[in-house]
Amino acid sequence: MLNQRDLRPKDMGRSDEQLIKLDNLIPLLAPYDKPGMESPLTDPKPAWKEKFCTSLDGYVGIDTLTRPKSKEEEDEFVRKFLSGLEKIFSDANNGVLQPLLLSFEYCAKCNTCSDACHIYSATGNNELYRPIFRSEVLRKIVKKYFTTSGKLLGGFVGADIDVNWETIARLGELAYRCNLCRRCAQTCPLGLDNAILSKEIRKIFSQEMGIAPTPLHTKGTMLQIKTGSSTGLSKPAFLDTLEFLEEDTEEKFGIKLKFPVDKKGADILVLHNAGEFMAWPENPVAFAILFDAAGLNWTLSSEIMGYDSVNYGLWYDDYQAKKIALMQMKVAKEFGVKRMVVAECGHAHKASIITSDRMTSDRVPVESCLPLLWDMVRNKQLKLDPSKNNFPVTLHDPCNIVRQMGIVEPQRNILKAIAPQFREMTPHGVDNYCCGGGSGFAIMNYANFPEFRTQVASRVKFNQILGAFKGTMEDVSTPKYICAPCSNCKGAMRGILEHYDASEKYNLQYGGLVELMVNALVSMKKPFLEFLE
Amino acid sequence: MILSIIAYLSIGLFVGISVFKAYQFAKMPFHGRMDLYPVPKEKGFEHGGSYYEETAWWTKPHEVSHMREIVEMLKEILFIKKLFENQRPFWWISYALHLGIYFLMAWTILLVVGGLFEVNGISVAANTSSILGLLVYYVTALTGYFGLALATLGSGLLFLRRAFDNTLKKYTTPQEYFNLLLIFAALVTGIFTWGNDLSFGYAREVTANLVTFTPFSANGLLTLHIFLVGIMLIYIPISKMSHYVGKYFTFHKVLWDNNPNLKGSGVEQEIKKASSFRPTTSWSAPHINPPAAPEK
Ligand code: SF4
Ligand code: SF4
């Protein structure tokens, strides 16, 4: 094992059992600054070492990346990677060729981007997680195999890396140590984007080698294409769920709720992340209450692909992303709605509004729920009593919605209107930090990956939260609410709070934005937020 | 003569190859959106906002300010703003090099102008009666001193920093050291060549001779200097030091390009064009290209 300080990109091919070991995480803020408040990081189990690639940092990001059984398998693995690597620079990859080549060619190695990365910071500036580390490994391999200068001049131009199974597998793993949050790209003086390179590595693994984390691929996009939802929720089960939620809402709050489904002539088709119905059903319920209160003519769809807005393809596979986006668009077109509104899911925002924007012409317009919700508040379509939310609230900015779409103000305007004790995190808005769940991390829950997510990737975010609630944490009688208007971010928050036992110990709570809005409705006879009861 | 040819050829190739690179990037296939906020042309630039902050955004005019975009671009070009904001210590030396280069570009133009003045009988000197000659004389001197000093200092320090900083060392290839050394060598030979005559009268004379293809006797140092500058000018656009080309595209065509695909828009046209393209390469994973069923 190397001391991380001595680690160089060309070391990726070394035969060490594990390249580095994480041992220098930045301290957490109070009250988590006392010894013993955090469990130490663990070593991978011997069985994992044997089966997967734990030779990077000990974690298993890709559960389908298994060790070869023979020399042939090993060679085939390397060969396939190289063939995929060549393809990312070919016309098979036209949709990203220009941005990719720019980021690939021009890095001045000035390291301006390093400090912007929350994973690099969280690990006490561990060399392995420097944003350009993995980019540089990729460059070295390309130089070595695909450029004349590399073949002729070798090390002089940087083509000095050993390429074997270990190198490639580690690089694949390393692509899953980046949240694709693009915060680093904001700071690059040349406008380069290391997240593009992380994603291209993921793409080579998936699109060429058929290797991708199960929750993203087999139980993600593949399942969605087959059943209509990555949750596996079928149409009858979906309708059952809605019925159950209607009854439950009536029972709990005395509200007679009726989810409009496949309503002809509806103006708006609302797209939820189907995971909400299972994990946070209060979120779609809150949406329904608000949309009804504001008198909108809206509907849900029960068509296959119409009731799940997710598109995991965004994180690892352009082919899957496009397939899903086109299927979703087709449903909306056939439905004949005037517009689609994406509910609180960040990557679905980006998938259906930004990424798929240039996939086909003639689209049904798509918009975010946030401006619509702000309009309801601004135009006084809802009767709200902010005093019902009189506890500390902070806002997490989902990278996909904020940094990557420029939707910054509506959500904070709402909070300023309905939460008297709203306070910002530092930094916030487009400069926010990722929750640590971005790019699939939130749903990658096998082996020891959750440990990496909660204790490393989410670390800076947790500190931001603790900072925002400074002075109120110890007061257990006061709930503190992290408003995260995104399913994936909520998944990451849940991971953090559970791991640090923060709800139990400090009454730290999390949820979406609409829940807080419904909680403030004058018409609500009892608190909508469960922890207030 | 040879030196004149080198001078013309290298400047010609510098411009030519740079333009060709830009052309290559410009004709690359239409790509998906990768906008990253804040985007300067947007109304909500101050807080990093975009037109998506409005409901039914597609029914409203997309208000953009190209002026703001140009201002932001100029801040980047003239001051390297992002580096200034995000990595101040590095900015000082990088900016010294870049500012020095800007001065030297101005200086070169002024030498040509001054040289042509002299050829046409307008004296360029401290005691000339021509106001224009006087102006060219002093501005040439100033840009020359600053340019040579800043650029040499900048390239030298960048080299040293890379050579002694433990982190940068790991990521710097020998070629990247070579790049900096080449610039540094071209500059140092310049200082030795022109430094004897701080009025730059000699530099003007040589420039006039080069520009007009007038044969003149050049000593070894001068020949070496012109040779190195020539090689540098040809090498820069070939190498990744041509980031002045790339930077235009990374910002304008990638990070700041958020034009939506609306009916009747240019974007829509591009999408239609792109959708008829059939790639010659395809991916091999089973979910994309299922293995052919075994024959019965
Ligand atoms: S995209 Fe985010 S996680 Fe990835 S390297 Fe950049 S800052 Fe780090
Ligand atoms: S800031 Fe940009 S140029 Fe500098 S090291 Fe990072 S990616 Fe490379």
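This section describes salt bridges in a predicted model. Over all chains, 52 salt bridges are counted.

Within chain A, one salt bridge pairs the side chains of Lys252(A) and Glu530(A), with an N to O distance of 4.0 Å. This pair connects distant parts of the chain, the two residues being 278 residues apart. Lys252(A) belongs to helix H11 (residues 235–253), whereas Glu530(A) is found in the segment after helix H23 (514–520). Lys252(A) is partly exposed, at a relative accessible area of 37%, and Glu530(A) is exposed, at 60% relative accessibility.

Salt bridges also join chain A to chain B. The side chains of Asp357(A) and Arg33(B) form such a contact, at 3.1 Å from N to O. Asp357(A) is located in the loop between helix H16 (346–354) and strand S4 (366–368) of chain A, and Arg33(B) in the loop between helix H1 (2–26) and helix H2 (66–79) of chain B, so two chains are joined by the pair. Asp357(A) is buried, with a relative accessibility of 3%, and Arg33(B) is likewise buried, at 5%.

A salt bridge is also formed by Asp362(A) and Lys263(B), whose closest N and O atoms are 3.1 Å apart. Asp362(A) lies in the loop between H16 and S4 of chain A, while Lys263(B) occupies the loop between helix H10 (243–255) and helix H11 (266–275) of chain B; this pair therefore joins two chains. Asp362(A) is partly exposed, with a relative accessible area of 37%, whereas Lys263(B) is exposed, at 63% relative accessibility.

Finally, Lys109(A), Glu136(A), Arg139(A), Glu176(B) and Lys240(B) are connected into one network by salt bridges that share partners.

Definitions and conventions: Residues are numbered from 1 along each chain as its sequence is written. Chains are lettered from A and ligands numbered from 1 in the order in which they are written. This is a predicted model: local features need pLDDT of at least 70, side-chain atom pairs count only at pLDDT 80 or more; totals for chains, interfaces and linings use all residues. Side-chain values use heavy atoms; hydrogens and water are left out. Helices (H or I, at least four residues) and strands (E, at least two) are DSSP runs, numbered from the N terminus. Buried means under 20% relative accessible area, exposed over 50%, partly exposed in between (1.4 Å probe, protein chains only).
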